[in-house]
Amino acid sequence: MSFGEPQPDFNTLSDPAQAPAGNAVDLDQHPEQLPERQLLKITPGPGADEQYERLAATFRPVFAQIAEGAAHRDRERILPFEQVGLLNRERFGALRVPVDRGGYGARMSDVFRLLIELAEADSHIAQLWRAHLAFVEDVLAFEDQSLQAKWLERISAGHIVGNAYTERGGNRLGSLNTTATEHEGRWFVTGEKYYCTGTIFADWTMVAVAHPQLPGRQIAVVATQHSGVRILDDWDGFGQQLTGTGTTTFERVPVDSFIPQHENDTESAIFQLVLLAVQAGVARAALNDLRSSVQLRTRSFSTGTGVPVRHEPQVLQVVGEVSAEVFAIESVVMGAVLEVEAALADANLSPAERYAVCELAANRAQSVTQPLTIGVTSKLFDPLGASATKASCNMDRHWRNARTIATHNPAIYKSRIVGDYEINAVPPVRLNATGDVPAPGQVSFR
């Protein structure tokens, strides 16, 4: 466009309602209006290479299908069984399984980059894989070759594993009311759990139990299709409502496997990093909505500078800040993932050192990324005004989901743990189970 040509009417170009009758305007006819953005659509950080792009090429079409109905499913509370099925058809859960065992042979960093892309499409669906991804890492570390072979075969065939660790109340801190009992040579699980993310979509679920012969928390894996398992979609949080984070009860359910407990346990770090990857995806999705809304907005404020919204300096500043914060969130999350990945491969670390490195990496990342994500999803509304708060827009889902995820394993405790390590060299401590604080004089741990 030369300076001598008439300038286009931005309201007309971006608002079909203001276009002359019979002369609808196609934004594609005005490439100078919306120039192609030259930003890389990959997660920042080293390691995003041809191997990752090959994996992403398999799953991005599925992610696109999932993204299409994400806002509607969130608003209407429609559990994403169909969408989980689409991912399972491509065996998303077998990403880390070695190629010679029927999987994709992906690196941990590949999995988390894909998880961020999935969370950008739908944060609920990304979170519900949390227990499964941690379980796969456990399986890869099994010393029992027959047990490992059994689970690698199931996972590569598309079996999904859920989680039933936490009890809603009534159990003392470090102890569990859900029990494993033996009868005629078989073990059975009885009890009730809450926050069972992903179990409603899963074939199997990990259950944290008290074992009469072993100290501390033990993990039993049971089939979700057994008649003694009852799964309820009764999670009533204001965010992440479609993750199946509700109640599961077990009535004499046979145990398929007990998961070996070992010092080299990075499960809690993986659990937390999954949540942080979901936060990164939420931040991406918020930036996407902010970008498209500003590009198409025609209505402005009398207190503005009189230019189209997409040229308002203060609006552009806010969008730039959000973009920078999203980049920072992704970079911190992937930095922590790469540190955990390196720690798992470092044979020079003792089990205690490996556990500490992984925990501290996740804790540091959590302390930084969660407030940034909550800020991004709140700042989203500043350039758009009150119309963006309409329920039909469902823009608030980003903040609701980010705020809900941030309540998991509260970051305030994680910052203290990191500080204690930095100042006093106190390593992170394993806790067996969330529960009620005992009265003075009572024993809190088994």
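**Exercise 1.** Which residues in H7 are buried?

*Solution.* This is a predicted model. Start with the cut-off: buried means under 20% relative accessible area. In H7, the residues that pass are Arg130, Ala131, His132, Leu133, Ala134, Phe135, Val136, Glu137, Asp138 and Val139. That makes 10 of the 11 residues in helix H7 (residues 130-140), so the helix is largely enclosed by the rest of the structure.

**Exercise 2.** Describe how H7 packs against helix H8 (residues 145-156).

*Solution.* Two packed helices are described by the angle between their axes and the distance between the axes. Take the distance: the axes of H7 and H8 come within 9 Å. Take the angle: they cross at roughly 145°. The crossing is left-handed. Next, list the contact. H7 supplies His132, Phe135, Val136, Val139 and Leu140. H8 supplies Gln148, Trp151, Leu152 and Ile155. Sort them by class: seven are nonpolar, two are polar and none is charged.

**Exercise 3.** Trace the salt bridges of Arg400 to Asp74 and to Asp396.

*Solution.* Begin with Asp74. Its closest N and O atoms with Arg400 are 2.8 Å apart. Now place the pair in the chain. Asp74 sits in helix H3 (residues 70-76) and Arg400 in helix H12 (residues 396-406), 326 residues apart. Turn to Asp396. Its salt bridge with Arg400 spans 2.7 Å, N to O. Both residues lie in H12, four residues apart, about one turn of the helix.

**Exercise 4.** Is Asp74 buried or exposed? And is Asp396 buried or partly exposed?

*Solution.* Asp74 has 4% relative accessibility, so it counts as buried. Arg400, at 15%, also counts as buried. Asp396 reaches 30%, so it counts as partly exposed.

Note on methods. Residues are numbered from 1 along each chain as its sequence is written. This is a predicted model: local features need pLDDT of at least 70, side-chain atom pairs count only at pLDDT 80 or more; totals for chains, interfaces and linings use all residues. Side-chain values use heavy atoms; hydrogens and water are left out. Buried means under 20% relative accessible area, exposed over 50%, partly exposed in between (1.4 Å probe, protein chains only). Helices (H or I, at least four residues) and strands (E, at least two) are DSSP runs, numbered from the N terminus. Axes are lines fitted to C-alpha atoms, for helices over the stretch in contact, and angles run from 0 to 180 degrees between N-to-C directions. A crossing is left-handed if the near helix is turned anticlockwise from the far one by less than a right angle, and right-handed if clockwise. Contact means heavy atoms within 4.5 Å. Ala, Val, Leu, Ile, Met, Phe, Trp, Tyr, Cys and Pro count as nonpolar, Asp, Glu, Lys and Arg as charged, and the others, Gly among them, as polar. A salt bridge is a side-chain nitrogen of Lys or Arg within 4 Å of a carboxyl oxygen of Asp or Glu.
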